[in-house]
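Let's sit down with a new structure and learn to read it one feature at a time.

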Amino acid sequence: MIKLGWGTSLVTDDLKYKIDALRDANVDYYFGGTLFEKFVAQDRFDDWRRFCHRFGCRHVEVSNGTIDMSNTEKAGFIEKVAGEFTVFSEVGYKESSRSEAMRPQLWIDYIREDLAAGSNMVITEARESGTSGICRPNGELRYGLIEEIAEAGIDMDRVLFEAPNKSLQVHLIRRFGSGVNLG
């Protein structure tokens, strides 16, 4: 599956051509959560839905990593679209200090809330740089957080760990096995 991250789908030349190429190769795709957040911040949620339908999206990402939105509000948006799309949601923030302030139980509560709202899979934030979310600002994985999530009784087949570098990928594969979901 390919994620067209950030708001790149708005500025990508020949987006339809690229999506057609993905379809021809039998590769699914979705637009990243930051695009969702941009539309919601502008009070244009219905425009976002239409945009996703216009490009034949079967999957969407719903997140709140860059905007001021509670997890309960985010779960409300998940509920609104769960019947028409496969929903990926994201827990954690792009700003490392906000994510570090989230105690493990809050991560677990948010993951459960998203799944209960209809999210098919919950992504744990790490950024492209591996310096936020499940990682510390220096790039070190928050091992205790990962262990608490793993021991919380959450179906780990429904959790996707952002793992932008080799050391994170290796640790998560060793911890959870080769079937772990990595992004």
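Predicted model: local features only at pLDDT ≥ 70, side-chain atom pairs only at ≥ 80, totals over all residues.

**Reading a buried helix**

Q: Which residues of helix 3 are buried?

A: They are Gly-33, Thr-34, Leu-35, Phe-36, Glu-37, Phe-39 and Val-40. Their cover includes helix 1 (8–11), strand 2 (29–31), helix 4 (45–54), strand 3 (59–62) and helix 5 (71–81). Just past the end of helix 3, Asp-43 has a positive phi of about 55°.

Q: How do I read the way helix 4 and helix 5 cross?

A: In general, you describe two packed helices by the angle between their axes and the distance between those axes. Here, the axes of helix 4 and helix 5 come within 13 Å and cross at roughly 45°. That makes helix 4 oblique to helix 5, and the crossing is right-handed.

Q: Which residues make that contact?

A: Helix 4 brings Phe-45, Trp-48 and Arg-49, while helix 5 brings Phe-77, Lys-80 and Val-81. Sorted by type, that's 4 nonpolar, no polar and 2 charged.

Q: How many disulfides does the structure hold?

A: The count is 0. To qualify, two cysteine sulfurs must lie within 2.5 Å. For Cys-52, the nearest cysteine sulfur is that of Cys-57, 4.6 Å away, so Cys-52 is in no disulfide.

Q: Is Cys-52 buried or exposed?

A: Buried, because its relative accessibility is 1%. Cys-57 is buried too, at 6%.

Conventions
Residues numbered from 1 in each chain as written. Heavy atoms only, no water. Buried < 20%, exposed > 50% of the residue type's maximum accessible area, 1.4 Å probe, protein only. Helix = DSSP H or I, 4+ residues; strand = E, 2+ residues; numbered from the N terminus. Contact = heavy atoms within 4.5 Å. Axes fitted to C-alpha atoms, helices over the stretch in contact; angles between N-to-C directions. Parallel < 35°, antiparallel > 145°, perpendicular 65-115°, else oblique. Left-handed = near helix turned anticlockwise from the far one by under 90°. Nonpolar A, V, L, I, M, F, W, Y, C, P; charged D, E, K, R; others polar.
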